[in-house]
Amino acid sequence: MTRTLYKLAAHLAALMPFAYYLAGAYWQWLGADPQEQILHGMGIWSFYFLLLSLAITPLRRWLGWHGLIHYRRMLGLYFAFYLLLHILVYLWLYLGWRWGEFGSELVKRPYLTLGIAAALLTLPLVATSTQWAQRKLKRRWKQLHKSVYLIVLLAWVHYFWQVKSDLNEPLLYLMIVFALLGYRFWTKFHQKAAGLNKKSPL
Ligand code: HEM
């Protein structure tokens, strides 16, 4: 019961940015360029959810709150949800569904190509996000979901590349990305070393 309430609260919190931009577009309080605000808002929230989903494992260990694992899939799916909105806003409000222009933009702006690569890599993760898929794929599921590390790096470069002025924010996120990836490699390295020590007769 408590977990259901926590989950409900988490869903409500995760949908707040969406509600904020929806209300802002409706009541027109998003400033002089609402399209840009919405595009950037969806992009940055997509990135935040990606970071949050990656932070679950270390946080779970540090805080000793093992129940946090139940939120990882949810955060990953909100990453994909905001990413989808980010892409739709771009294609609809910026390009008016002009696919030819989209093709030439991709060639002209490499940061878009990297964004598309990250989005395409996200698709199989969403498709296999169910517990059924996890059970069916077993070890291969883990292997497949490792591509999230590549996704976060591509997403970061996509973000960094298009920033025009203040670099502090993307650089702060880069440090967070490195801390999260560093943690993964460090724990893997220690697990391997512990395994070797067990096998060694010395
Ligand atoms: C994992 C994938 C992606 C993530 C995490 C992401 C995130 C972001 C972020 C954080 C920004 C900057 C927001 C800001 O400056 O406040 C951004 C900008 C942008 N993104 Fe993405 N994005 C992704 C993929 C894509 C894709 C696939 C497209 C196009 C189809 C796209 C189109 C854009 C555009 C047009 C901008 C704004 C550029 C500008 O203002 O000049 N993004 N994105």
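Predicted model: local features only at pLDDT ≥ 70, side-chain atom pairs only at ≥ 80, totals over all residues.
Lys138 counts as exposed, because it has 9 C-beta neighbours inside 10 Å, and the cut-off for exposed is 12 or fewer.

Staying with Lys138, where does Lys138 sit? Lys138 lies in the loop between α6, residues 131–137, and α7, residues 139–145. The backbone there has a feature to note: Lys138 has a positive phi of about 50 degrees, although Lys138 is not a glycine.

Next is Trp97. Trp97 is not a glycine either, and its phi is positive, at about 60 degrees. You will find Trp97 in the loop that runs between α3, residues 72–94, and α4, residues 99–108. Is Trp97 buried or exposed? Trp97 has 8 C-beta neighbours inside 10 Å, so Trp97 counts as exposed.

Now the ligand. How many residues surround the ligand? There are 22, and the closest are His40, Gly43, Gly115, Ala118 and Ala155. Two or more residues of this shell come from each of α2 (34–63), α3, α5 (110–127) and α8 (147–162). Which of the elements gives the most? That is α2, with seven residues in the shell around the ligand.

Last, the make-up of that shell. Of the residues around the ligand, 15 are nonpolar and seven are polar. No charged residue is part of the shell.

To go back over the main points: Lys138 and Trp97 each have a positive phi, and the ligand is surrounded by 22 residues, with α2 giving the most.

Methods:
Residues numbered from 1 in each chain as written. Helix = DSSP H or I, 4+ residues; strand = E, 2+ residues; numbered from the N terminus. Buried ≥ 20, exposed ≤ 12 C-beta atoms within 10 Å, placed from the backbone. Near = placed C-beta within 6 Å. Nonpolar A, V, L, I, M, F, W, Y, C, P; charged D, E, K, R; others polar.
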